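This briefing concerns the structure shown below. Please read it alongside the sequence.

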Amino acid sequence: RPHHTKHTTRVVHVHAQARPPSPDPGPVPARRAAEKATTVYVGKIAPTVPDGLVSSLLTACGAVASWKRAEDPETREPKGFGFCEFEDAEGVLRAVRLMHGLKVDGQELLVKGNTATQKYVEEYEANK
């Protein structure tokens, strides 16, 4: 007598979740590059530190577009802070790396970029 093997085939139906078509977002706008910002704040400058010294330190970090130390409007005495704009992001990176925390006449300098500068420099580093 012939041997019969019984085959069972299971059919599994998978129902795809019907989703409404998403509205076409249109062309994806190119990510805008951060606006060029290369200004750093230089603070905690001891009153005994001449402006020329700070200027020399900044110039050693990179090409300086402008350096303006704040001064007392009445006495014209230089204050303990100022703003430096570098020609490029490299100057900002060097100034922050080399000058932040640098002890000049017993006082540690504070060197940092504002939000716009930090954003620009981060983007610059990422694309280097």
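In what order do the elements of the chain run from the N terminus on? The order is β-α-β-β-α-β-β-β-α, which comprises 3 helices and 6 strands. Helices (H or I, at least four residues) and strands (E, at least two) are DSSP runs, numbered from the N terminus. The model is predicted: local features need pLDDT of at least 70, side-chain atom pairs count only at pLDDT 80 or more, and totals for chains, interfaces and linings use all residues. Residues are numbered from 1 along each chain as its sequence is written, and side-chain values use heavy atoms, with hydrogens and water left out.

**Chain as a whole**

- Of the 128 residues in the chain, 26% count as buried; buried means under 20% relative accessible area, exposed over 50%, and partly exposed in between (1.4 Å probe, protein chains only).
- The chain has an accessible surface of about 10,000 Å², and carbon and sulfur atoms hold 53% of that surface. Such areas come from the Shrake-Rupley method with a 1.4 Å probe, where for residues only the protein chains shown count as cover.
- Among contacts in the chain with a separation of 6 or more, 63% are between residues 24 or more positions apart; a contact means heavy atoms within 4.5 Å.

- An open sheet of 4 strands is ordered β2-β3-β1-β6, with antiparallel pairing; two strands pair if DSSP finds at least two bridges between them.
- Strands β2 (64-71) and β6 (110-113) are the edge strands, each pairing on one side only.
- From one strand to the next, the twist averages 20°.
- β1 and β6 pair in the antiparallel sense over 4 bridges, and Gly43 stands opposite Leu110 in β6.
- Helix α1 (residues 51-61) lies across β1, β2 and β3 and runs at about 150° to β2. Axes are lines fitted to C-alpha atoms, for helices over the stretch in contact, and angles run from 0 to 180 degrees between N-to-C directions.

**Aromatic pairs**

- The structure holds 3 aromatic pairs.
- The ring centres of Tyr41 and Phe81 are 6.0 Å apart and their planes lie at 25°, so this pair is stacked.
- That pair links distant parts of the chain, with Tyr41 in strand β1 (residues 39-43) and Phe81 in strand β3 (residues 78-86), 40 residues apart.
- Rings of Phe, Tyr and Trp (its six-membered ring) pair if their centres lie within 6.5 Å; planes under 30 degrees apart count as stacked, over 60 as edge-to-face and the rest as tilted.
- Tyr41 is partly exposed at 26% relative accessibility, and Phe81 is partly exposed with a relative accessible area of 28%.
- Tyr41, Phe81 and Phe83 form one aromatic cluster.

**Helices α2 and α3**

- The axes of α2 and helix α3 (residues 115-126) come within 10 Å and cross at roughly 105°.
- The two helices, α2 and α3, are therefore roughly perpendicular to each other (65 to 115 degrees; under 35 counts as roughly parallel, over 145 as roughly antiparallel, and the rest as oblique).
- Ala89, Glu90, Val92 and Leu93 of α2 make the contact with Thr117, Tyr120, Val121, Tyr124 and Glu125 of α3.

**Val92**

- Val92 lies in helix α2 (residues 89-99) and counts as buried at 4% relative accessibility.
- Leaving aside neighbours within four places in sequence, Val92 is in contact with Thr38, Val40, Phe86, Thr117 and Val121.
- Val92 and Thr117 are 25 residues apart in sequence and 8.3 Å apart in space, C-alpha to C-alpha.
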